[in-house]
Amino acid sequence: MPEFLLAAALLVFLTVAVGLVRVLRGPSEADRIMAAQLLGTGGIATLLLVGQATAMPALTDVALILALLAAFASVAMARTAPSREDEQEPPA
Amino acid sequence: MTLLVDAFTILAVLAGLVFFIAGTTGLLRFPDTASRLHALTKADHLGLGLIVLGLLPRAAGIDGALRLLAIWGLVLLSSAAVGPMIARLARLRRPGE
Amino acid sequence: MTSATLFGLAGAALVGIGLFGMLVRTDPLLRILCFNLLGGGVFLVFGAVARRGAGAGFGGDPVPQAIILTGLVVAFAATALAVALVLRLASAEDKR
Amino acid sequence: MIADLLLVAAMLIVALASMLARQAFTAVALFIAYGLLLTLAWVRLAAVDVAMTEAAIGAGLSGVLLLGAVRRLATQASPPPEQPPGPAMTLLIALGCAALAAALGAVVLLLPNPAPSLAAPVAANLPATDLGNPVTGVLMSFRALDTLLESAVVLLAVVCVWALTPEGGWGGVPGAAQPVQRDGPLALLARALPPLGIVIAMHILWVGADAPGGKFQAAAILAAMWLLPWMAGLVTPPPIAARWLRWTIAIGPVVFIAIGLAGAVIEGAFLAYPPGWAKPLILIIEFILTASIAVALALLVIGTPDTAQRR
């Protein structure tokens, strides 16, 4: 079972890492925020799977902090972007 | 019994993986921000939810299970709050694009 | 190569990236950000040292780990002060 | 190993993109992603305490601090931009930075084998503190002086940020006024998250004695739980002239020093804990420091008092 969970963790991480392309490419701020949020959720899933596979219950606490602070960072991002809407977006 | 639990975990985690892959594919391939947001929330809600569900029977005691559920609840709550904010942002930007 | 060495090398590369950004970028806010990228690299190198010192039932040497923890908080305090200086400078510029 | 390579590649790409980003917002979004990836790297390096701090401070508070600055600078005329270095100079800088990175890399590759480690002495002396978490043991007992100085640094940083107050604003409400949002998604989160966050922070603080966790992580969570309603405009920070506010951020280092001096009188060494008293004294310091550091971290994000906003 640990092998399966580790493989699943790797796959989740691989998926969200591919999703990082959206943070790099945008084109809009909304897209970047979404990709950052996906990375947060994927990171939480990875931590939970690895924590269970390697019997490290403390990783659940890391995931808990990540869930709280990722929510905090996401709303800060979503709130910061609109004040710049009059600016021209350079082509990505 | 352990076999049953193992099968449950494998099924739920695999289903969660499918949603993560689908969410990322949508985020990368969908043409506009609104549909990409739709794809993202599926990964957030169901992907993580199913993985949490799969790990739930293996959690160490009641407090381990509670922590897992708290994590899912937090992600649901934050996603529910950030989703509309992103959607508003995308709508504000549309005319300029 | 062990994973400790791999992360140590990544830390070295991050120091290079962060320093380059600090010297080349002109926006003060981005310079502060690059200072934090650099800091992450330094902490990773130290983290590699801690990981190599694993022993006595611990996954890593707890002394460097504790010092990284202290360093993270101090780096945040320094960043906050730098950001406050940049904002103050901008508002002084605004009045002129 | 594959996972590590993937993680390192993602980290380097995100750092490079953040450093090269054209817009400040993009750079900060990438910086937050960098913090998330670093959190995973710390887990891979078996430094779970550091991973928690990185998640709370690196990805969370630092990102929000920089975002707040982006937001404020967008509404202000920025100072005239500096001239970026020319192509020849840029190349020279790139070569210099590459040389430095290569030298550091060589140092990493040439680290002595077997690695010198203080893990064994920590393990041998940890029982004397009654703690189960070696990192907390180092922070609160073996290297307690570092932690004391650090708490003083955080306090000093708050004083310095306040010292930038423009003329006529001294003693006023810190930070820029936030737009008030009584309902909507941000207000929902600002009302729903803090109760949950405070419980989680207390849990992290409490388990810190025996498992990864502790005061810095707990303090960062508490700071974030104060900043959320502040961002939604639901609470106004107290004016910096408020006595209780000043006492709250100072009481942590003050109690730490007092217990340290008591150790000097009773045991003959600064910060020495009398036998059998180590754990209760450490817990007292941890609880009081958590409150001080939480308020100080939040004040660092909120920033300097503004003349525009006075009581």
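Q: Of the 311 residues of chain D, what share count as buried?
A: In this predicted model, 49% of the 311 residues of chain D count as buried.

Q: And what is chain D built from, helices or strands?
A: Chain D has 11 helices and 0 strands, so read along the sequence it simply gives α-α-α-α-α-α-α-α-α-α-α. Its C-alpha atoms fill a box of roughly 60 × 55 × 35 Å, taken along the principal axes.

Q: Which domains is chain D divided into?
A: The division gives domain 1, covering 1-74, and domain 2, covering 119-311. The centres of domain 1 and domain 2 of chain D, taken over C-alpha atoms, are separated by 23 Å. Their contact takes 12 residues from domain 1 of chain D and 14 residues from domain 2 of chain D, and the side belonging to domain 1 has 7 nonpolar, 3 polar and 2 charged residues.

Q: What does UniProt place at residues 10-73 of chain D?
A: The UniProt record, an unreviewed entry, places the feature "domain: MrpA C-terminal/MbhD" there. In the model, residues 10-73 of chain D are 91% helix and 0% strand, with the end C-alpha atoms 30 Å apart.

Q: Switching topic: which chains share the most contacts?
A: That is chains C and D, out of the 4 pairs of chains in contact. Their contact takes 83 residues from chain D and 72 residues from chain C. On the side of chain D that touches chain C, the elements giving two or more residues include α1 (2-20), α2 (24-44), α3 (48-74) and α11 (278-302) of chain D, and α3(D) gives the most, with 14 residues.

Q: How do the residues on that side of chain D divide into nonpolar, polar and charged?
A: The side of chain D that touches chain C divides into 62 nonpolar, 12 polar and 9 charged residues.

Q: What about chain C itself, how many residues does its helix α1 have?
A: Helix α1 of chain C, residues 3-24, has 22 residues and reaches 31 Å from its first C-alpha to its last, which is close to the 32 Å expected at 1.5 Å a residue. Helix α2 of chain C, residues 28-52, has 25 residues and reaches 37 Å, close to the 36 Å expected on that basis.

Q: Why is α1(C) described as largely enclosed by the rest of the structure?
A: Because 16 of the 22 residues of α1(C) are buried, it is largely enclosed by the rest of the structure.

Q: Which residues of chain C does UniProt list as "transmembrane region"?
A: The unreviewed UniProt entry lists residues 6-25, 32-54 and 66-90 of chain C. In the model, residues 6-25 of chain C are 95% helix and 0% strand, with end C-alpha atoms 28 Å apart, while residues 32-54 of chain C are 91% helix and 0% strand, with end C-alpha atoms 33 Å apart.

Q: How far apart are chains that don't touch chain C?
A: No contact joins chain A and chain C, and their closest C-alpha atoms lie 11 Å apart. Chain B and chain C do not touch either, with their nearest C-alpha atoms 21 Å apart.

Q: How many residues of chain B are in contact with chain A, then?
A: There are 40 residues of chain B in contact with 42 residues of chain A. On the side of chain B that touches chain A, the largest share, 16 residues, comes from α3(B), and the residues of that side divide into 27 nonpolar, 7 polar and 6 charged.

Q: And chain A, how many helices are there?
A: Chain A has 3 helices and 0 strands, and buried residues make up 65% of its 92 residues.

Q: Last one: which residues have the most contacts inside the largest nonpolar core?
A: Those are D:Ala33 and D:Ile221, in a core of 212 residues. This core draws at least three residues from each of domain 1 and domain 2 of chain D. Leaving aside its neighbours within four places in sequence, D:Ile221 is in contact with residues including A:Ile65, A:Leu68 and D:Ala56.

How values were computed:
Residues numbered from 1 in each chain as written. Chains lettered and ligands numbered in written order. Predicted model: local features only at pLDDT ≥ 70, side-chain atom pairs only at ≥ 80, totals over all residues. Helix = DSSP H or I, 4+ residues; strand = E, 2+ residues; numbered from the N terminus. Expected span 1.5 Å × (residues − 1). Buried ≥ 20, exposed ≤ 12 C-beta atoms within 10 Å, placed from the backbone. Contact = placed C-beta atoms within 7 Å. Nonpolar A, V, L, I, M, F, W, Y, C, P; charged D, E, K, R; others polar. UniProt positions renumbered as here; feature names shortened; annotations may be inferred. Core = buried A, V, L, I, M, F, W, Y, C linked by C-beta atoms within 7 Å. Domains from an automatic or database assignment.
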